[in-house]
Amino acid sequence: MSILVNKDTKLLVQGITGRDGQFHAARMKEYGTRVVAGTSPGKGGASVLGIPVFNTVDEAVKTTGANTSIIFVPAPFAADAILEASYAGIDLVIAISEGVPILDMIRITPVLKQNGTKLIGPNCPGLITPDEALIGILPGMIFKKGNIGLMSRSGTLTYEVVNMLTHSGMGQSTVVGIGGDPVAGLYYLELLEMYQNDPETEAIVLIGEIGGDAEEQAAAYIAKHVTKPVVAFIAGQTAPPGKRMGHAGAIISSGSGTAEEKMKAFAAAGVPVAKEPSEIPQLLAEKLAKASV
Amino acid sequence: MKIHEYQAREIFKKYGLPVPNHVLCHSVAEVKEAVKNLDRLVVVKAQVLVGGRGKAGGVKLAKTEAAAVAAAGQILGMDIKGCQVEKVIVADAVDIEKEYYVGLINDRNAKSVTLMVSAEGGVEIEEVAQTNPELIHRFPINPQTGLLDFQARDMAMKLFDDMKLVRQAADIFQKLYRIFIETDSTLAEINPMVLTPDKQILAIDGKMNFDDNALYRQPEILAMREADEDELKEIDAKEKGLSYIKLDGNIGCMVNGAGLAMATMDMIKLYGGNPANFLDIGGSSNPQKVVDAMNILLSDKNVQAVMINIFGGITRCDDVARGLIEALDTIKTDIPIVVRLSGTNAEEGLALLEQTGLPTVSTMSEAAKKAIELSKR
């Protein structure tokens with residue numbers, strides 16, 4: 001087990017003929033992900049790295065049975081690409097594209113709900129179930145199969161933490177980059193539920209940052225529903241209010257969304273918050289030791 | 001992106017919202033011209049991109065030409081929270097029976113545009129949200145239908161009993177929603193919306209913010225941008241593929257990735273230093289990007305040491321090291337630099353950097369400590 005993706009995942013790459021799409025399709029394939037199809041309107045019939053290219057997602061799904069799609073198209077066309085996948089019956093869509101207008105995401109949300117499509121991103125690095133499927137732009141070599149579930153709003157900070165976990169002998173069940181945008185797909189609550197129900201996940205790491213109150217909601221949810229050990233880290237304690245810190249969603253507005261509030265909420269829920277990323281493996285080990293007593 | 005009140009008023013007017021007339025002035029002389037033969041009450045209002053103007057004395061009523069000119073003289077050039085007032089508007093003042101709040105925001109939790117209204121207008125809505133959240137009525141709008149007539153009326157009925165007023169207010173809510181959608185706003189606020197003694201509802205102040213990600217399809221909004229010096233630097237960085245925000249400290253940092261960049265700033269603070277900036281160079285080893293980033297970093301004269309923090313993923317550390325060496329060759333600076341490389345091919349990268357004599361480390365904590373130490377020399 002694991003969550004969301006595994007060795008049975010059949011992946012479609014939307015925008016496979018673009019520079020990024022092609023580069024990452026090759027890497028995902030090399031990692032062992034079953035990349036079954038690509039799309040690029042007007043280039044149907046071609047083949048990229050031995051992967052068949054289709055004009056439409058519908059055609060790709062009908063021909064190859066793809067059930068998951070990753071999106072590399074430029075931001076102005078991302079919402080359309082997500083909906084194309086949704087209407088073609090894709091179960092899980094991962095949107096890597098950065099810079100998608102917020103109102104585009106708001107417009108497509110009810111459609112995804114109605115079609116029963118799960119979305120991760122946009123503006124995210126993707127997700128990985130080590131040794132089974134890498135779907136995204138994550139560097140596969142730093143991950144190791146194991147029992148820690150990790151979710152994060154950031155990219156390189158996730159790699160930093162994963163690298164430490166792997167070096168401490170703590171492998172991962174599934175690592176999910178949920179993305180840095182204010183309106184996004186699957187978020188902490190949905191993923192916490194999945195990790196809680198996944199027999200392979202023994203403990204959970206949550207990497208949050210300033211902006212919004214999703215971390216506060218996660219803390220409240222953990223206190224109520226999560227019995228597995230959870231450790232958190234929050235980036236942006238020194239961020240000034242009113243400024244977007246790189247990620248569109250990382251902004252303290254009118255005094256809310258601060259790191260301090262989030263850390264307080266986790267403390268109240270009994271979730272230890274690491275002062276710096278390198279503390280995470282130790283905090284996890286302590287929590288796991290306590291849990292096994 | 002933010003705009004001034006006068007710009008928001010112009011957008012409101014274009015969409016038919018009831019807004020009293022105003023004149024934009026850049027000098028006392030222009031104000032004098034605008035209030036010639038003044039026969040009505042006007043309000044002189046500072047135009048700055050920060051809140052709290054009223055409390056700072058940036059809004060003054062005037063009944064005569066002389067009073068308006070005197071008010072403008074006091075307000076122009078005034079410093080409000082670090083912003084110098086360079087413009088004022090002279091707007092027709094109205095008699096107010098009651099003030100209300102109306103706002104539209106992008107709601108992260110509801111994943112919708114949410115309409116908020118309150119009978120507690122004219123004050124900071126955040127204060128009301130803290131002290132009396134039940135006084136703010138919220139309605140998440142379904143993007144597929146928009147704000148329907150009956151929904152707008154329902155919300156208006158939270159503020160008014162008189163059906164005539166309900167209809168007036170509902171029309172304002174729907175127009176504001178249209179503005180929000182058509183301009184890719186992230187915030188559209190009328191605060192206060194007022195009721196006059198002769199039963200007119202007017203928008204007498206407006207605030208609008210826009211989605212930076214959507215500016216590519218909003219040329220008219222983009223043309224309204226008035227950036228200050230720090231913001232110009234941020235915009236310039238963005239055009240070069242970098243994300244930069246100036247802070248007050250003395251340790252410059254250059255990092256790949258926004259989350260890691262925030263964590264780096266936090267770490268500098270944790271070990272007793274002060275970060276000079278947020279700077280995310282994204283995921284590439286392109287030497288030109290590093291050169292651009294260093295130039296932006298070092299243009300801040302407060303910077304006394306630089307911490308470069310790179311986690312190599314797909315971008316390999318040896319490539320990053322080559323980029324750094326090439327970049328530092330072009331830049332030549334006396335400011336001490338510490339480089340931290342970790343991840344893919346970190347050892348090769350660190351070996352390459354060793355030839356340059358730069359201090360190199362392999363963990364973030366070491367890098368932060370070293371940068372703080374170097375900044376004190």
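Me: Helices here are DSSP runs of H or I with at least four residues, numbered from the N terminus. Between which helices of chain A does A:Glu276 lie?
Reply: In this predicted model, A:Glu276 sits in the loop between helix H8 (259-268) and helix H9 (280-292) of chain A.

Me: Why is A:Glu276 said to have no salt bridge?
Reply: A salt bridge needs a side-chain nitrogen of Lys or Arg within 4 Å of a carboxyl oxygen of Asp or Glu. The nearest side chain of opposite charge, B:Lys369, is 6.7 Å away, so the buried A:Glu276 has none.

Me: What makes the pairing of A:Glu276 and B:Tyr271 a polar contact?
Reply: The cut-off is 3.5 Å between N or O atoms, one able to donate a hydrogen and the other to accept it. The side chains of A:Glu276 and B:Tyr271 are joined at 2.5 Å. The side chain of A:Glu276 also makes a polar contact with that of B:Ser365, at 2.9 Å.

Me: Why is A:Asp131 called exposed?
Reply: Exposed means over 50% relative accessible area. A:Asp131 has 59%, so the term applies. A:Asp131 lies in the loop between E8 and strand E9 (133-136) of chain A, and its phi is near 70°, a positive value in a residue other than glycine.

Me: What makes B:Lys81 exposed?
Reply: Its relative accessible area is 62%, and the cut-off is over 50%, so B:Lys81 counts as exposed. B:Lys81 is in the loop between strand E4 (79-80) and strand E5 (83-84) of chain B, with a positive phi of about 45°.

Notes:
Residues are numbered from 1 along each chain as its sequence is written. Chains are lettered from A and ligands numbered from 1 in the order in which they are written. This is a predicted model: local features need pLDDT of at least 70, side-chain atom pairs count only at pLDDT 80 or more; totals for chains, interfaces and linings use all residues. Side-chain values use heavy atoms; hydrogens and water are left out. Helices (H or I, at least four residues) and strands (E, at least two) are DSSP runs, numbered from the N terminus. Buried means under 20% relative accessible area, exposed over 50%, partly exposed in between (1.4 Å probe, protein chains only). Lys and Arg count as positive and Asp and Glu as negative; His and the chain ends are not counted.
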